[in-house]
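This report is written for a reader who is meeting a protein model of this kind in a first course. Please look over the sequence and the structure before reading on.

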Amino acid sequence: MWLSRGACLPRIFYNAQKPLCGILNNGMKTKRLLSLLALLGLWCALPAFGVSKEIVQLQTQVQALTDQMARMQQSFDERMGVMKNLIEQTTDNMNKVTGAVNELQKTLSQQNSDIGGKVDQVSTQVQALHDSLDEMRARLNKLSTQLDQLAAQQQNLPSQAPGVQPGAPAVQAPPPDVLYNGGLRDYNAGKYDIASQEFNDYLKFYPTTDLAGNAQFYLGEIAYRQGNFQGAIQAYDTVLQQYPGGNKAAAALLKKGYALIELGQRDAGVRELNSLIARYPRSVEAAQARERLRQLTSRKTSPSHKPTAQ
């Protein structure tokens, strides 16, 4: 409204030009003309004062908005900087966690690869404990066997053995515990030829004692360690057939499965190991059989892995 009023000033003067001239021509007093002009000027000047006041208010509001936007921009920049730092820290932490997980996976893989060797080591230790137990049993039976030997020698004194020439000395077998312990000692020392002879002599002279099955088992072990897997299988079969109730039956079944696998007869070896687990589920040999089956399954899924002898 104030703009329209201000804009009407030239039109008022234009329209008032003729009346003013008429008034002057009619002899209006100068005082009345000046009063009229003053009133017109005051009426037209009032809107101009309103325009300046509203512009100042708008400028003030614009300045306030500008300051507010500047403060918001500063706050936004500060928050973005904080978020950027948080994102960088989170990324670093994730990289550290990823590295730790990879290292843990590597450690677990290394531990899994070492399990087979540790199981074999434990197996050797357990076998040594079994051997010690066998020695203790042999010593407990020492008195009774010595008495049997003395009785047999007394029976042989009156007459000569068949096939022995007169005057020829009779061959005397060593006591069973001496013969067995000597074979076991030579076996552990790696003197396989001497140990094999001692175990064969034990089976020759004492085929029905409690340690006869053990002597037969160690003949199979000697053949296995020498790489004669077929001979080892035959010795283990003798243990299973002639001494099924002996304390080496489970071990013979386990090592027979190993020997079959070494000969390339994988399916037959797996059947023997599963048979062992079914017959002796709580034995140490059953745990070894499960581990070997796990290794075979792992190698089957990884063709590049080369099998190693047990």
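The text below goes from the whole chain to one helix, then to salt bridges and a surface patch.

**The chain as a whole**

This is a predicted model, in which local features need pLDDT of at least 70 and side-chain atom pairs count only at pLDDT 80 or more, while totals for chains, interfaces and linings use all residues. Residues are numbered from 1 along each chain as its sequence is written, and side-chain values use heavy atoms, with hydrogens and water left out.

The secondary structure of the protein consists of 11 helices and 0 strands, where helices (H or I, at least four residues) and strands (E, at least two) are DSSP runs numbered from the N terminus. Of the 310 residues, 27% count as buried; here buried means under 20% relative accessible area, exposed means over 50%, and partly exposed lies in between, with a 1.4 Å probe and protein chains only. The accessible surface comes to about 21,500 Å², and 58% of it belongs to carbon and sulfur atoms; such areas come from the Shrake-Rupley method with a 1.4 Å probe, and for residues only the protein chains shown count as cover. Among contacts (heavy atoms within 4.5 Å) between residues at least 6 apart in sequence, 53% join residues at least 24 apart.

Helix α8 covers residues 229-242, and its 14 residues should span 20 Å at 1.5 Å a residue, which agrees with the 20 Å between its end C-alpha atoms; the expected span is 1.5 Å times one less than the number of residues. Which residues of α8 are buried? They are F229, A232, I233, A235, Y236, V239 and L240. These residues lie on the same side of α8 because they cover an arc of only 165 degrees around the axis, the arc being that of the directions from the helix axis to the C-beta atoms. The buried residues of α8 pack against α7 (212-225) and α9 (249-262), whereas Q234, Q241 and Q242 are exposed on the other side of the helix.

**Salt bridges**

A salt bridge is a side-chain nitrogen of Lys or Arg within 4 Å of a carboxyl oxygen of Asp or Glu, and a search of the whole structure finds 4 of them.

| Pair | N to O distance |
|---|---|
| K256 and D237 | 2.7 Å |
| K256 and E272 | 3.6 Å |
| R294 and E291 | 2.7 Å |

K256 is buried, because its relative accessible area is 13%. E272 lies in helix α10 (residues 266-279) and K256 in helix α9, so this pair ties together parts that are 16 residues apart in sequence. E272 is buried as well.

By contrast, R294 and E291 both lie in helix α11 (residues 284-301), 3 residues apart, which is about one turn of the helix. R294 is partly exposed, with a relative accessible area of 39%, while E291 is buried at 13%. Elsewhere, salt bridges that share partners join D237, K256 and E272 into one network.

**A nonpolar patch**

On the surface, F76, M80 and M83 form a nonpolar patch with about 320 Å² of accessible area together. Patches are made of residues with over 30% relative accessible area and no salt bridge, where like charges are joined within 9 Å and nonpolar side chains (Val, Leu, Ile, Met, Phe, Trp, Tyr) within 5 Å. M83 lies in helix α3 (residues 30-140), and M83 counts as partly exposed because its relative accessibility is 48%.
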